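Trainee: Can we go through this model together? I would like to start with the ligand and then move on to the metals.
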Amino acid sequence: MDKETTNLQHFLLNRQKDYPEATGEFTSLFQDILLASKIISREVNKAGLVEILGLTGKVNVQGEEVQKLDEFSLETFVKVMRRGGSLCVMASEETDDIITIPDKYPKGKYVLVFDPLDGSSNIDANVSIGTIFGIYKRVTDENKDEKCGYADVLQPARDLVAAGYVIYGSSTMFVYSTGQGVHGFTLDPSVGEFLLSHEDIKIPKKSKIYSVNEGNYNKWSDGVKRYIDYLKAEDKETDRPYKARYIGSLVADFHRNLLYGGIFMYPRDKKSKNGKLRLLYEAGPLAYIVKQAGGYASDGKKDILDIVPDKIHQRVPLFIGSEEDVKKLEEFIKKNGDDV
Ligand code: AHG
Ligand code: MN
Ligand code: MN
């Protein structure tokens, strides 16, 4: 497709023939996500100039300090998404409970789960940050007067109908999949459109990059320690040692690994028995995307896509990226154990 003039709306409509169940409701849902992303991108890009940096002084349900941009991003998504008529419920990293759609707005058949701003600790340092989202179809039946709620949110990532992320970096990019491959669009601020820049992204099966916070090394299981030691050992045959790249924003580390190949890891450790990252709105949507790009995501033993969440803020160990690298990690855990 001619990149310079293909915006996301055109690309989505043009591919609707790939999946008959796509309706205008789905496309308008995407339009709203794009609008919210552009508004957040505008604030991120002038963060140094306006009173949007720094902390709000609040602590969220995760026990993390809430940055002003976290709050702005959450409010932007809720205000834009709740009025569109496509959703019946939302869940976010920044809200304790599920977000219901006020009665004054029409409701739809979709569910949105999202991390409004990922990598918050990097905001004040002008390092890339992002937004992560996943879209499910509701499973409750309004014809049987079933209320839209937890059952519609607590679905495994394999049942996502779409997932994506926005990365607010040197440029603002929108990367998504609806099960027909992974496609990237770059925001052209002069026209206010996301234009096609990366069609059908595929992640290399094997890589030379690993991303992990090595400050936690002593808290990891033997399986993970042995794997990291393996990656750092000299061996021409298997192209080792790997390069260490860690930005501290999951979206930015994931995006680089998606394009260049790599394995991102946030293992469980003695302090955080389930790791730090959240299944519903971080690991799950990215596992869906990486699978569509030919990669793989695991909790160290099984596919992230198959884990059914029992709580909206459930954490999960995450190993995600080039398939052969993640499978190799699983072998080390199988051989050396994973208990911490
Ligand atoms: P969030 O800002 O949404 O809370 O996510 C931060 C996450 C993720 O972006 C990143 O990979 C990880 O925290 C970094 O954690 P450490 O600082 O412990 O390495
Ligand atoms: Mn996050
Ligand atoms: Mn966040």
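Mentor: Strand 5 gives the largest share of the shell around ligand 1, 3 residues. Helices (H or I, at least four residues) and strands (E, at least two) are DSSP runs, numbered from the N terminus. Before going on: this is a predicted model, where local features need pLDDT of at least 70, side-chain atom pairs count only at pLDDT 80 or more, and totals for chains, interfaces and linings use all residues. Residues are numbered from 1 along each chain as its sequence is written, chains are lettered from A and ligands numbered from 1 in the order in which they are written, and side-chain values use heavy atoms, with hydrogens and water left out.

Trainee: Which strands each supply at least two residues of that shell around ligand 1?
Mentor: Strand 5 (110-118) and strand 13 (263-266).

Trainee: And which residues come nearest to ligand 1?
Mentor: D118, G119, Y246, L250 and Y266, out of 18 residues around ligand 1. A residue counts as near if one of its heavy atoms lies within 4 Å.

Trainee: What lies 2.8 Å from an oxygen atom of ligand 1?
Mentor: A backbone N or O atom of G119 does, and so does a backbone N or O atom of L250. R278 has a polar side-chain atom 3.2 Å from an oxygen atom of ligand 1. Taken alone, ligand 1 exposes 470 Å², and the protein buries 86% of that. Those areas come from the Shrake-Rupley method with a 1.4 Å probe; for residues, only the protein chains shown count as cover.

Trainee: OK, metals. What coordinates the manganese ion (ligand 2)?
Mentor: D115 (OD), D118 (OD) and E282 (OE), at 1.9 to 2.1 Å. Donors are N, O and S atoms within 2.8 Å of the metal (3.2 Å for Na, K and Ca); water is not among the atoms, so sites may look incomplete.

Trainee: How are the donor residues of ligand 2 spaced in sequence?
Mentor: As D-x2-D-x163-E. D118 lies in strand 5 and E282 in helix 7 (residues 279-292), so this pair ties together parts that are 164 residues apart in sequence.

Trainee: Are D118 and E282 buried or exposed?
Mentor: D118 is buried because its relative accessibility is 5%, and E282 is buried at 1%. Buried means under 20% relative accessible area, exposed over 50%, partly exposed in between (1.4 Å probe, protein chains only).

Trainee: Now the other ion. What coordinates the manganese ion (ligand 3)?
Mentor: E93 (OE), D115 (OD) and L117 (O), at 2.2 to 2.3 Å. Along the chain, these donors follow E-x21-D-x1-L.

Trainee: Which residue bridges ligand 3 and ligand 2?
Mentor: D115 does, and the two manganese ions lie 3.6 Å apart. D115 counts as buried because its relative accessibility is 0%. L117 is buried as well, with a relative accessible area of 0%.

Trainee: Changing topic: where is Q155?
Mentor: Q155 sits in the loop between helix 4 (150-153) and strand 7 (162-168). Q155 is buried, with a relative accessible area of 7%.

Trainee: Which backbone oxygen does the side chain of Q155 reach at 2.7 Å?
Mentor: That of D152. The Q155 side chain also reaches the backbone oxygen of K137, at 3.0 Å. A polar contact is a pair of N or O atoms within 3.5 Å; within protein, one must be able to donate a hydrogen and the other to accept it, and residues adjacent in sequence count only if both atoms are side-chain atoms.
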